[in-house]
Amino acid sequence: MRPTHRFLGAMEALAEAERGQLPLWMPVALGSGIAAWFLLPGRGAWVAFLLLALSIALAGMVLPWGTRIARAITGAGMLAMLGCALVWWRAERVAAPVLARPVVVAFEGLVERVEPLPAREAVRLTLRPDAASDLPPRIRVNLSEKDVPPGLASGARIALRARLLPPPTAAVPGAYDFARAAWFQGLGATGRGFAPVTVVTAGDPGNAALRDRLTSHILSRVEGSTGGIAAAFVTGDRGAIVEADAEAMRRSGLAHLLSISGLHVTAVVVATMTLVLKLLALFPPLALRLRLPVVAAGAGACAALFYTWLSGADVPTVRSCIAALLVLAALSLGREAITLRMIATGALLVLLVLPESLAGPSFQLSFAAVTAIVALHEHPRIRGWFLARDEAVGWKLARSLGSLLLTGVAVEAALMPIGLYHFHTAGMYGALANIVAIPLTTFVTMPLEAVALLLDMVGLGAPAWWAVERSLALLLWIAHRVASAPGSVAALPAMPDGAFALMVMGGLWIALWRTAWRRWGVVPLLAGAIWALATPAPDLLVTGDGRHLALATDNGGMAILRDRAGDYVRSTLGEGGGVIGDLPPLSEQPGARCNPDLCIARRSAGGRIWTILATRSGYAVPWAELIAACARADIVVSERRLPDKCAPRWLKLDRRMLARTGGVAVTLSTGRVTMVRSGGRHPWEVPQTIAPPRPPYRDRRNGRNGGASDALR
């Protein structure tokens, strides 16, 4: 027998042994095409990938068509091609003009959505400006709470003055890219509105969305972050959660409780089914003539759909709703309900409708967690360990706790690479925290909140709300205690895309196959982990506007250029460098000399001393001094356009250069320079822009357009 025939025979034998698992790879194949579109730089590369996927599909057709391996290869190629084409079409379909440059402008517009943000003392408005304003068709503006006029609601027409910016790209490599998310939301500008805000045509408060009214009602009964968490459990609105508490939830591994997903939808469905079953069982004629479990399943499906709509239909909620509907359908048909096929079906449906969701952490975290849980408990040995049996209460409790702990460890292991890739941090004690937090949320807080809302209909909900507040205070106490424990958070600088892809593929290989060759998934998993851990942290991070930079220090931290940089800038630079905690001023570091206008720092790396020069203000520096300082520096960073005679020995990052590169990360020991803009041609990277209207020259000269152009640079 020829070696080729032997190889195909061995592959066919493996495919036959894994025949029940092959359909699970359909969403993986579809997702690989979507991921390729996001990772590849432009049209030429996308077309090349489509042709490659087509060639794979045709290669499968060349093989004997009756074999499983031939059908699997053909299907994988077609799905990968479909994924790439689908997200490309989706990106073109949602295309909308984007603001070309920052501007302060007065305009009128229709209020599309009102989102209160009590924790920030602000309100977020999604607006549709009038066509005469020459602005993008949809923008997002934040208003201070004190500037919100009466009658502001969805459907109102308002007049206001706002400072608008194009949706910002990632500040530094590896940071959150809001421009990409805004593109798929149709947002062409974002900014902040100023008082006075005039309501031209008032919206009808009675027609406000049920979700907003319910959120306001919950916040009126429970104050502070506890009220914000209570609202998040019901409506998914997290605007009232103080940032310190939200950060504690993230660091303790409990942030998933704030996103309505499987836990919340399951609780609602189970509660609805139980209530319907108990009520219908009280009527013997109905109980004898109807299949009550099927009726209860239908009621649970309706509850799941209503809850998904009420909570805003975010990706985790949609995934959980689809999963719940599939489970209920399986139960009604007498089939096994919770399986990996159910999860794969849900992922496939979400990707077909919203292919761009694959690139977001919400989709990845949601499906990774539920896949890890089901894959773990489908394993015959694990299922045997935790199978219910007739035994003493103590052993039964120990078995349940062991199952919960092992499940938590598996989930944390699945989520850690995703958390490190997107957020550069990951909680280490999440499995332990969830042992208490999940039962507390599922069996205490959510039932109490449902009872409180029902009792509020007759004005008797106060005692239940007090109990809800106490349970949520306990949840926050757990979050803060775990988050502040030594070693509770692991931090990592920006992870290479290739390392993340290897870890994802290794994890999927282990989770989705059932025969012994699943163990080979450890190879890419470990290779990706080693690659990520071996990637050195950047020595220098520069934001895309050139105003801010962070330089690595000898003690493993990073120092920031501007002492008064905001919390967002500090957290972004710290996460990009894999640093936990506050960033000290660069001016206080040994080897740095700073004045109000310039800062010169030195950094030892790669066997030599590097000199970095950065501007700190918008004031002019004497020409001769600037040129001489540039000549002595290896790297120069400035938010301004520097003269051509400013020629550092290696790298010049001024306004002109950063406009092309975006934020920059520099590793001095290897000479590696990573840029936010690396020549990609995605729609949000080269959008169709709208030039905002310019005011008369006199207004620009007098600063009536938002404080003149200097304030917007």
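This report describes a helix pair and the surroundings of one aspartate in a predicted model.

## Crossing of α8 and α18

Helix α8 spans residues 243–251 and helix α18 spans residues 462–483. Their axes come within 8 Å and cross at roughly 65 degrees. Because angles of 65 to 115 degrees count as roughly perpendicular, α8 is described as roughly perpendicular to α18. The crossing of α8 past α18 is left-handed.

## Residues at the helix contact

On the α8 side, the contact is formed by A244, D245, A248, M249 and R251. The α18 side contributes L475, L476, A479, H480 and A483. Sorted by class, the contact of α8 with α18 comprises seven nonpolar residues, one polar residue and two charged residues.

## Position and burial of D177

D177 is located in the loop that connects β5 (157–165) with α5 (178–185). The relative accessible area of D177 is 18%. Since buried means under 20% relative accessible area, D177 is classed as buried.

D177 and V409 are 232 residues apart along the chain, and their C-alpha atoms are separated by 30 Å.

## Contacts of D177

When residues up to four places away in sequence are not counted, D177 touches P168, T169, A170 and W684.

Conventions:
Residues are numbered from 1 along each chain as its sequence is written. This is a predicted model: local features need pLDDT of at least 70, side-chain atom pairs count only at pLDDT 80 or more; totals for chains, interfaces and linings use all residues. Side-chain values use heavy atoms; hydrogens and water are left out. Axes are lines fitted to C-alpha atoms, for helices over the stretch in contact, and angles run from 0 to 180 degrees between N-to-C directions. Helices (H or I, at least four residues) and strands (E, at least two) are DSSP runs, numbered from the N terminus. Angles under 35 degrees count as roughly parallel, over 145 as roughly antiparallel, 65 to 115 as roughly perpendicular and the rest as oblique. A crossing is left-handed if the near helix is turned anticlockwise from the far one by less than a right angle, and right-handed if clockwise. Contact means heavy atoms within 4.5 Å. Ala, Val, Leu, Ile, Met, Phe, Trp, Tyr, Cys and Pro count as nonpolar, Asp, Glu, Lys and Arg as charged, and the others, Gly among them, as polar. Buried means under 20% relative accessible area, exposed over 50%, partly exposed in between (1.4 Å probe, protein chains only).
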